[in-house]
Structure formats: C-alpha cells, structure tokens
Amino acid sequence: MKARYLFKLRKNIVLEGDLVLAKRELSALLGYEPDAVANVTSWLEQFPAFVTVKGLASVTSNIRNNGLQAYTVNSNIQLLPTLVKKLSFIQDIYCLIEESHESEFFVQEITEQIKPVINVYRFDGHILIHAVPLYALYEMAEVIVKKSSNPIEAKNNINLLVNALLGKTNEKKAITLAEAALRPKSSLSPLSHDIHYYKAKFFPRMARSLLNIASSNIDYQPQKVINNFVGSGTTLLEAALLGLPSLGIDIDPLSVMISKAKLDVLTVGSDVLTLELIKAEQLLAHNNQSALVNTCNSSHLDRPIRFPSWLMKNRKMTPEIAEELVHEINVLQQVIENGTPEIRPILKVFLSDAISRKVRMRILGTGSGRFSLSFSKYTLSSLFLKSLEKYTKLVAIYEWLEEKLNISLAPSEVVLGDARCISDKLDSFNILLTSPPYLPSSSGRESYTKARVLSLIGLGMIEDNQIDELIDLSIGSMDDNGVNLDNLLPEEKEVVEWLLNDELRNIKAKPTARYFLDLRKVFQEMIKVLNPGALAIIVVSKQSTFYEFVTRKPLYTIPVAEILAEEARSAGFTVLELLDVKLQKSNRNARPRSLDDYYETLIFLQKKIN
Ligand SMILES: C[S@@+](CC[C@H](N)C(=O)[O-])C[C@H]1O[C@@H](n2cnc3c(N)ncnc32)[C@H](O)[C@@H]1O
C-alpha cells in the first residue's frame, strides 16, 4: 500500500558528501530515487495534511537552514519499520495514508514493531504517522548522557526525549532535553564509537550508509561484512547495529582490542559497569590515601615499563613525567586486575584511551620521524573514571532502545592479521568496506602505530624492542623492504620517479613504491575472501599534493584513487564507480591536513560473477 513520505534531514549535516550519501541510501532502501525538497514550508502548500503535526514534532521545526531540507517519495507503507531502523541521516519520517480497513491493518502491524518511536494521527479520512529513526536517537544519546547523573536517570531521560520529539509530552524537562539534543553539533560519534581516541576513523554515518547501500544491492543471505583494515571498528559496530554479521582484521593489537571493546561494551550491562565504577573509585581513593600516609613515594613498587629510546629523547618527555606516567598506569592496571574478568578488556581500552588523551603525539610528516608531544592537565585516573562513568549511562540508553525496539547486535569477530595475507579459513563475504592506511608521502601522517606506542607498551601488549617491527609491518610505513621498482604500474612509476628526483622528498620514494605493491597484494587477497558478485567499497584520499615549501605553490599531485582503482582492476575486480565526497578540513578526525578542499574517494568494486 502506497504512502506519501517526507524525510526530514538531520540538521547537523554540514558535509556535501553526507547529502550525496543520504540520497543514495534512501534510493537504495526505497528502490528508487526520492525527490529533493529545498523548502519544506513551500512543500506543505502542496501537502497541507502534514501541518497536523504541531510543536517540536512538526515538519517545519528544527529544519536545516542552508541547503536541502528533506526528501519526499510515494512508497510502500510497509517499508516504514525498516526505514526507521536503518536510515542514517534523517531526523524525522512522516508518512501519510488514506484511512481504510487495509491501512488500519498496516498501521497496527507497524505499531507492533516500532511503537515507542512513532506517533499516529487520525483526521479527515487520513492517517499520518510520525517516526523518529533509531540512528537520530543514537546520535542524540550523547546529550542525554551528559544531562543524566546515573543509568536510571539516563533511561528516564531517553524516554522523555523520545516523547518530546514525537510531541507526546509538553513537560518542560522533556522539551529542554529535546532542544539540547537537537542542537546541530550533537554527536557525530554516537554510541561507543568514541570509546578510544582514534585518528583517521570513518565517520560512522558514512560507514552505515555505505553498508545500507551495499546490502540493498546484494541478494545473498546471510550478508557477511569484512573490513581488512578494521582500525577502531567503526564498520563492525555499524554492521552489528544493522543486523549484519561481520569480521575485522588489523595488524595492530591495540586496534583489535579497541574494535572488540567497541561492540562488547554495549552488551555487558549497565549494572555491571556501575559495579565496576564503584570498585574502581574505592580502590583509587584507597590508593590515594595510602600514598598520603606513606611518606615515601610508592612508585618503587611499580612494574617497570620501558618506553622506546626515541620517545625518551623528546625533551618534553622528562624522566619525572615518564615516571609519573608509569606509576599512574600501574595503579590503573591494579584497578583492572581487580575488575570482573569479562570486563577487563573494556577497562584496558578505557586506560589506553586515557593514555592517548593524556599524552598527545603529533607526527610531523617530513619523513624524518620527528614528532611533537603535549600533555593534558587531567590525570590518567580521572580520564579513566570519566569514561567508565559515561559508559554506565550510555549502555543504559542502548539497553532501553534495545528493549523497546526489540533489536540486537549481529555477531562480530575481530582477528589480528595481515591484510596482505588473509587466512584461507576466512571466506564467503558479500560486502567489504575498508579504508587502507594513507600513502606514506601524504603530509601529517607517517605512522599511527608510532602514536599508539605509549598505550601498546603501557598495557604490556608489546615490548619496546618489538615496536619498530610493528611500525615497519604496517602498510604505509617508511620501511621500503628492498622494493623492486620494475613491478610498478606506469602511473606508479611516474610518481616514484618524481619523488626520487625531488631532493626533499626522495626519502619517501621507495616507501611509496612499497605502498603501491602492498596494496596490490591486499586487492588480490580481498578477491579471494569474497563471494562472486560481492561488493567492495574502498575509501581512500582522492589525491595527495606536494607544495613548494615557501610559496605553497602546488608542485605535483598523486592521483591516489585512480591508481588504486587500477590496482583493483588488475586484481580482477570490476570498477563500478569512483565517487568523490568532500570533507571538512577542520574536523579533528579528518585525515591529512590539507591546504585544498579535501576529498575522499569511494571506490566501488564488484567481484565478477563467474
Ligand atoms: C585508516 S585506518 C582504518 C580506520 C578505520 N576505517 C576506522 O574507522 O577506525 C588503517 C588501519 O590499517 C591497519 N593496518 C596497517 N597495515 C596493515 C596490514 N598489513 N594488515 C592489516 N591492517 C593493517 C592500521 O593498523 C590501521 O588500524
């Protein structure tokens, strides 16, 4: 049965690229392209019935004020529950049908599935359903966390928020909460995506919409997702939320741990986390007291932690600061050991996150291995407790949504491994979504592994003498490993020759060659693990430009996306499309600092059917 839909876009969409993805996602889920609505107020003249919804819930409230405001379409009413559960960029869905026996039946069916997030209006022979998509609620949950002092209050507040958004209450507290949650800058790293500071991670909405687009284009069941450079696990969490089973691979043990924790934390129970919080607070308070009573510093009892010599040579990393860090890490390790065994990996991720927020390392992209350090004024313990406390509330909100909407996370697995050589046991995936490390020559990025060294060593995941090996093993490192330039494609050769002839940049020539050849192996491995007809989406920077140091005049541009698409083609993929999406340079998670507008390219690939 057909209904007239209006999809109001989230007000916090600022990127052109997000608008492109929003439209593609809608088209994929609806089966055809919706019409753009530039101005909802004018659109209402054509569809006056939609005026029925008033106040905060009305179609004109909280509308984007520059650029496109909504999409509209005539489509099946039965699609509504799926749209509510899947859409990534929509604030409200309004859906109008004629009143009849048939429509009443559908409304009842829909109500059974998604009652807590809809409001149904009946008037003049019409039925109008207003729904708030789940993802908008995930994004808004962060504000609820901030405004709640404990998990019980968080559950009450999410209930109030939903009712206010749907116009079911006029209670002042509910309206104030909703207004705060609707402010454009509210979370872009919803739920547990921010469990660990992580540079160069996917924008979750992008990952989610790409998964929706890919899975709508594939007939296979079940649809299994793989990310062979899983990083912080954005893809896995979004896949799990969408009900798609997934697997992640990463060469870095810390990334593997973060990815696992990102999913596990949502299902450990807010009550269990609350208990851990109380235990941790008690232990830390006790520790502080005994340190006060004990006149000599307790640090002589600490497990020794050896940071690499290149880190200790930095003038800001004084022996006193290093000693203090080691002591704080040791204290928090005790807290972790005192924790429930199943929760310990999550607590370790909180500690690692605290370390990366306490000590900020910025790699200077000159190829010399230089970096700068800065320190947060907060102690590791306070950063750790803050995370733990935040998650008691966030998990409570997720539990509320899970229970009310009868949703659950699809299974997900993360393994330590090398994307250049994937185990034969892993196969039969239908969707691959990934983002490989950046070209070693792009500015501002050399080694993310290097920036994670304090966590890796602090948590005892790796010894100081193993760190260089891990850095070199990572794709995009400055190690050239005896690369053979004869194996390069002509366009790759041209890049490497330009770098070889540039006095300041020839240090990056062979690592760049190795990067191209490594990714060749990666594409060959990808094709092995995919089913025929499977889709792969590779997110890369469109290009990398070198500038004259003084004048900032562009000297040479590497067409990264085109080169990698060529490698994918040589590996046997069909290249379906190269889609450029513009990103905000200022975003703190955005990748290489750039002088130009920054574009990422989504390379859409398909494994041939036969
Ligand atoms: C750009 S990050 C991916 C970020 C991810 N999309 C996210 O949302 O968090 C690239 C990842 O590739 C990993 N990596 C580097 N070399 C690798 C290799 N040979 N095999 C597997 N993973 C590798 C790095 O450790 C890093 O986590």
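Is V550 buried or exposed? Select V550 to find out. V550 counts as exposed, because its relative accessibility is 74% and the cut-off for exposed is over 50%. Keep in mind that this is a predicted model.

**Stop 1: the patch around V550**

V550 sits in the loop between β14 (544-547) and β15 (554-558). Together with V550, they make a nonpolar surface patch of about 360 Å².

**Stop 2: a strand residue**

Go to strand β4, residues 90-98, and pick Q91. Q91 counts as buried because its relative accessible area is 1%, and buried means under 20%. Q91 and R122 are 31 residues apart along the chain, and their C-alpha atoms are separated by 22 Å.

**Stop 3: the ligand**

Select the ligand and its surroundings. The shell has 24 residues, and Y198, S232, T234, D250 and A419 are the closest. By type, the shell divides into ten nonpolar, eight polar and six charged residues.

- Y198: a polar side-chain atom lies 2.8 Å from an oxygen atom of the ligand.
- D418: a polar side-chain atom lies 2.9 Å from a nitrogen atom of the ligand.
- I251: a polar backbone atom is 3.3 Å from a nitrogen atom of the ligand.

The protein buries 98% of the 600 Å² that the ligand exposes when taken alone.

**Stop 4: a network of charges**

Side chains of opposite charge can pair when their charged atoms come close.

Look at D518 and R514. Their side chains meet in a salt bridge of 2.9 Å, N to O. Both residues lie in helix α20 (residues 509-529), four residues apart, about one turn of the helix. D518 counts as buried, at 5% relative accessibility. R514 is buried too, with a relative accessible area of 8%.

**Stop 5: two further salt bridges**

How many salt bridges does the structure hold? There are 27.

Select R569 and E566. The closest N and O atoms of this salt bridge are 2.6 Å apart. R569 and E566 both belong to helix α21 (residues 560-570). R569 is partly exposed at 42%, and E566 is partly exposed at 24%.

End with R306 and D464, a salt bridge whose closest N and O atoms are 3.5 Å apart. This pair links distant parts of the chain, 158 residues apart. R306 is in the loop between α11 (270-293) and α12 (309-312), while D464 is in the loop between α17 (453-458) and α18 (467-473). R306 counts as exposed, at 60% relative accessibility.

Conventions. Residues numbered from 1 in each chain as written. Predicted model: local features only at pLDDT ≥ 70, side-chain atom pairs only at ≥ 80, totals over all residues. Heavy atoms only, no water. Near = heavy atom within 4 Å. Polar contact = N/O pair within 3.5 Å; in protein donor to acceptor, adjacent residues only side chain to side chain. Areas by Shrake-Rupley, 256 points an atom, 1.4 Å probe, with all protein chains shown as cover. Nonpolar A, V, L, I, M, F, W, Y, C, P; charged D, E, K, R; others polar. Patch = residues over 30% accessible without salt bridge, like charges linked within 9 Å, V, L, I, M, F, W, Y side chains within 5 Å. Salt bridge = Lys/Arg side-chain N within 4 Å of Asp/Glu carboxyl O. Helix = DSSP H or I, 4+ residues; strand = E, 2+ residues; numbered from the N terminus. Buried < 20%, exposed > 50% of the residue type's maximum accessible area, 1.4 Å probe, protein only.
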